[in-house]
Amino acid sequence: MELILNSPLILFFHEMVYFFGGIGVLSYQIIRDLFKGPFYWRLTLDQVFHVGNRSLPLIVITAISTGMVMSLQFGLGLEKFGGKLYVPKLVSITVLREMGPVFTSLMVAARVGAGFASEIGSMVVTQQIDAIRALGTSPIKKIVIPRVLATFISLPILVALSNLISNFGGLLVGYSELKLDPNFYILKILTTVTLTDYFSGFGKSFFFAIFIAVPSCYFGLTVKNGTKEVGIATTKAVVVSSILVLVGDFFLSKLFWILEKMT
Amino acid sequence: MIEVKNFRKSFGKKLIHADVSFNVKKGECMGLIGGSGAGKSVILRSLIGLEKPDSGEILIDGENIAKLRENQLVSIRKKVAYVFQGGALFDSMTVFENLAYPLKEHTQLNESEMRSMIITQLGEFGLANSEHLFPGNLSGGMQKRVGLARALMMHPQVVLYDEPTAGLDPYNTKKIQEHILKLKAQGMTSILVTHDMPTAFAVCDRMCFLLHGKIEFQGKVEEIQEDKTGIVHKFINGEEH
Ligand SMILES: Nc1ncnc2c1ncn2[C@@H]1O[C@H](COP(=O)(O)OP(=O)(O)OP(=O)(O)O)[C@@H](O)[C@H]1O
Ligand SMILES: [Mg+2]
């Protein structure tokens with residue numbers, strides 16, 4: 001019996017139940033406290049700044065590289081069939097619908113999610129979270145809500161920026177390697193890409209923000225004792241939020257397709 | 001003022017407190033001693049609702065806080081201050097901001113009123129001119145004093161000291177003793193958890209000795225000082241734990 005209970009599969013299942021239970025409770029507390037009592041504008045704005053600051057360089061680099069690489073691959077691949085002229089449209093749609101939101105979110109998960117988990121975890125270990133409670137304030141309001149909201153505000157902005165930069169990367173390679181006229185490239189994007197394309201990608205970023213911020217705060221808060229657990233929580237935060245982004249992306253894409261068809 | 005009845009608490013399978021009962025009267029200072037890991041901090045934490053008892057009652061001014069929810073505990077936490085064993089200062093804030101934290105939260109004071117209160121408080125605790133420092137740059141003794149100063153910002157009616165003199169030099173220990181005595185003279189109710197017997201004898205009226213999840217002995221400080229054979233005497237002399 002002991003052996004069965006300790007088998008990896010059972011332990012994994014056990015952990016999953018705990019995780020979803022914990023996330024459920026935390027989400028409930030966040031929603032409940034969001035509209036009640038004092039709201040900390042300053043803390044939220046500070047966090048918006050932190051989130052942006054932490055991830056901006058990383059996102060600029062990822063965005064421009066993905067744009068350039070896609071432009072190159074599509075261009076070289078389609079050249080044989082004389083389809084080079086479709087590069088602007090293809091790159092742009094792939095970026096707007098998938099690459100922009102997903103890559104940006106993955107980067108934010110790695111930087112910001114890890115940051116939240118380790119920061120909050122350290123605060124638990126040094127009893128600062130207890131101190132917040134002992135001084136008659138709520139860690140949910142003081143620590144969790146500002147971080148979740150900040151991600152909710154920042155991630156879509158970062159995605160919008162990343163979309164722009166990726167397309168610019170595509171244009172750079174389109175001009176230098178594929179010998180496409182930049183004016184033609186831009187015109188082609190503007191005439192072939194629809195707002196639906198844009199928003200079906202952009203809209204996902206709000207969900208991704210939640211997928212990143214809530215689990216990361218959760219793993220930070222559930223650190224029990226010792227600095228070693230802070231490291232484990234940080235790793236878990238990155239892994240779990242990345243998985244949620246990737247898996248969530250499929251279902252959200254599916255959902256947005258259904259919505260598009262209906263309208 | 002404080003009444004604990006049949007307090008029981010375990011973590012997982014590990015039973016920490018089987019059945020703990022004691023009370024503290026208004027204006028009294030009660031010492032709580034016991035071996036390391038006996039669960040002294042757990043009792044103090046439970047008194048402000050940071051831990052929930054498995055069963056039993058914790059009455060503060062006649063109100064049972066064991067059943068209260070987090071947002072109902074705010075008024076208790078304004079009344080009862082907990083001085084953390086490790087200080088628990090906010091390390092991303094300066095000393096000034098640490099002391100300002102409870103004021104910003106629970107009072108309507110303006111910037112300059114707050115400033116003057118905090119400067120006075122810092123002077124009081126021998127921390128003048130350190131308001132711009134971060135906790136990481138303070139000595140252990142200073143951290144303890146900042147922790148104490150922060151806990152007292154809201155003028156609580158009860159203070160729970162968790163080993164306030166541990167790791168301090170004789171001078172700082174004496175300073176802390178003086179603070180505790182001064183507050184007591186002003187009518188403060190308090191519980192002092194400590195391993196530092198001279199301090200306990202100097203400031204406490206009564207003492208409880210915690211052993212194996214129960215209050216093994218409780219009595220006046222004089223009784224403990226005079227007793228030369230009992231279990232508390234053995235504990236104090238390091239013959240029992
Ligand atoms: N959150 C918790 N989860 C699990 N066990 C805990 C928790 N808090 C305390 N304990 C356990 O409860 C016991 C009592 O802890 P506590 O910190 O109250 O001891 P203490 O009497 O204050 O000791 P010390 O004098 O060293 O401060 C310890 O064995 C500790 O491991
Ligand atoms: Mg302790």
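A contact here means heavy atoms within 4.5 Å. The model is predicted: local features need pLDDT of at least 70, side-chain atom pairs count only at pLDDT 80 or more, and totals use all residues. Residues are numbered from 1 along each chain, chains are lettered from A, and side-chain values leave out hydrogens and water.

**View 1. Contacts and overall form of chain B.** Take the contacts in chain B with a separation of 6 or more: 63% join residues 24 or more positions apart. Chain B holds nine helices and 10 strands; helices (H or I, at least four residues) and strands (E, at least two) are DSSP runs. Its radius of gyration, taken over C-alpha atoms, is 18 Å, close to the globule-rule value of 18 Å for 241 residues, so chain B is as compact as a globular protein of that length. That rule is 2.2 Å times the number of residues to the power 0.38. The C-alpha trace spans about 55 × 40 × 35 Å along its principal axes.

**View 2. S116(B) in its helix.** S116(B) sits in helix α4 (residues 111-124) of chain B. It is partly exposed, at 42% relative accessible area. Buried means under 20%, exposed over 50%, partly exposed in between (1.4 Å probe, protein chains only). K182(B) lies 66 residues from S116(B) in sequence and 21 Å away in space, C-alpha to C-alpha.

**View 3. The bend in α4 of chain A.** Helix α4 (residues 87-125) of chain A bends by about 55 degrees at V95(A). The bend is the angle between axes fitted to the seven residues ending there and the seven starting there. Just after α4(A), Q127(A) has a positive phi of about 65 degrees.
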